[in-house]
There are 2 protein chains.
Amino acid sequence: MSVSLLEQLIDALRVLPGVGQKSAQRMAYHLLERQREGGVRLSAAMADAMERIGHCRRCRDFSETETCPTCASGSRDAHLLCVVESPADRLAIEQATGFRGQYFVLQGRLSPLDGIGPRELGLDQLVQRLREGEVKELIVATNPTVEGEATAHYLAQLARAQDVQPSRLAHGVPLGGELEYVDRGTLSHAFGSRSEIPNDQLKHQETKEPVR
Amino acid sequence: MSVSLLEQLIDALRVLPGVGQKSAQRMAYHLLERQREGGVRLSAAMADAMERIGHCRRCRDFSETETCPTCASGSRDAHLLCVVESPADRLAIEQATGFRGQYFVLQGRLSPLDGIGPRELGLDQLVQRLREGEVKELIVATNPTVEGEATAHYLAQLARAQDVQPSRLAHGVPLGGELEYVDRGTLSHAFGSRSEIPNDQLKHQETKEPVR
C-alpha cells in the first residue's frame with residue numbers, strides 16, 4: 001500500500017526542531033480537524049519563505065531583498081557594527097536592546113574540525129567592510145562557548161588590524177538568577193570581574209531598609 | 001514597512017498546537033538555516049493534505065479516498081465496530097491493540113451546549129450501519145470524560161435498540177502506574193471493579209518469591 005497523504009504530512013512535520021512522531025501526529029490532526037485554513041496559509045508562507053528568502057549581501061542575515069531593511073536603512077548608526085553567529089542571535093539583540101547600529105551575521109562560528117574557517121563565515125567581507133573606515137567599534141556578540149570565544153578572539157584581532165575598537169558582551173551572573181544555582185565558571189568570572197559600586201548608588205542603598 | 005516573509009512564516013507557524021512565538025522563531029530559523037529542502041517538502045505535503053484529505057463516507061475518519069483503506073479492506077471483521085471520538089483515538093487503538101474490526105469516528109462528542117448533537121456526530125449514519133445487521137458488538141471507546149461518558153451512554157442505548165451488544169473499554173489503574181499517584185476517582189473505580197484472581201494465576205504467584 002502506498003503511503004497516505006496523512007502519513008506523508010506527519011513524516012514531513014518531523015523536520016521541525018523538537019518535533020517527534022507523537023507531536024507530528026498531534027499537529028497533523030490538529031490542522032486537519034481545526035485549522036485547515038491556517039494549514040493552507042502556513043504551507044504557502046513556508047513555500048514562499050523557503051524559495052524567496054536569501055541572504056543580505058551586506059550583513060549576511062536572512063533577507064528577501066538583496067540588501068536587508070536594516071542595512072538599507074539610513075537611520076542606523078554606521079559607526080557600530082555588531083557581529084553575531086546567527087540570525088536568531090541578531091533578532092534576540094534587536095528585540096532586547098536599544099541597539100541602533102548595524103549587524104554582521106556570521107552564519108556559524110569558527111570550527112576547523114567541521115571545515116568552517118574564516119572564508120565560510122564571510123570574514124573577507126567583514127574585513128572589507130572594516131576597511132571602508134566607517135565602523136569605529138566592532139561589538140563581538142558570539143556565544144560564550146569554546147568555539148564562540150575562539151571566534152571572538154579572531155574577530156578582535158581582525159578589528160585591531162584595521163584600527164577598529166573591538167568590544168565584547170559582559171559576562172556575569174544573569175539578572176534574576178540566584179547565586180546558588182549559577183554555574184561555577186560564570187560565578188568565578190563574575191567574582192573576578194566585580195566592579196566598584198559608585199558612591200551615589202551606595203548612598204541610595206543605605207537609605208533603604210535592608211531586605212530582611 | 002510591510003511584513004517580511006520571515007515574519008509571515010513565524011506568524012503562520014503559530015497555528016500549530018503548542019507553538020508560541022519563541023518556538024515559531026526557532027522553527028523558522030531552523031528550516032531556513034538547515035532544512036530548506038525539508039521545508040519545501042513539508043509545505044507541499046501540507047498543501048496536499050489540507051486540500052485532498054476529506055472524510056471516509058463509511059467511517060467518517062480522515063481519508064483521501066471516498067472510502068478509507070480500513071473500510072475498503074476485506075480482511076477486517078465486520079462483526080466488531082469500534083466507535084471513537086477522533087481520528088487520533090482511532091490511530092492510538094490501531095497502533096496499541098490487535099483490533100481487526102472496523103471503526104466509526106464521531107469527530108467529536110455529544111455536547112449540547114456547543115450545539116453538537118447526534119446529527120453532528122453522524123449517528124444517523126451509525127444507526128443505518130447497525131441496521132444492516134452485520135455488526136454484533138459495538139465497542140464504545142469514547143474518552144472517560146463527562147461528555148465522553150454521556151456519549152457512551154447514548155451510543156449504548158442506540159446499539160441495544162438495534163439488538164447489538166454494546167461494550168466499553170475497561171477502566172482502572174494504568175499499567176506501570178503507582179497506586180500512590182493514581183487519582184481518587186480512578187482508584188475508587190478500580191477498587192469497586194476488582195476482579196477475582198483465577199486459581200491457576202494464584203498458584204503461579206505462590207511459587208514465586210514474594211516481592212520484598
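Mentor: On a 1 Å grid over the protein atoms alone, a cavity is a set of points where a 1.4 Å probe fits but cannot get out, and its lining residues have an atom within 4 Å of a point. This is a predicted model, in which local features need pLDDT of at least 70 and side-chain atom pairs count only at pLDDT 80 or more, while totals for chains, interfaces and linings use all residues. Residues are numbered from 1 along each chain, chains are lettered from A, and side-chain values leave out hydrogens and water.

Trainee: What makes B:Arg58 a lining residue of the largest cavity?

Mentor: B:Arg58 is counted because it has an atom within 4 Å of a point of that cavity. The volume, the space filled by probe spheres set on the points, is about 50 Å³.

Trainee: Which residues line the second largest cavity?

Mentor: A:Arg58, A:Ala78, A:Gln102, A:Arg129, A:Glu132, A:Glu134 and A:Val135 line it, around a volume of about 40 Å³.

Trainee: How many salt bridges join chain A and chain B?

Mentor: The count is zero; a salt bridge would need a side-chain nitrogen of Lys or Arg within 4 Å of a carboxyl oxygen of Asp or Glu.

Methods:
On a 1 Å grid over the protein atoms alone, a cavity is a set of points where a 1.4 Å probe fits but cannot get out, and a pocket is an open set with protein on both sides within 12 Å along at least five of seven lines; lining residues have an atom within 4 Å of a point.
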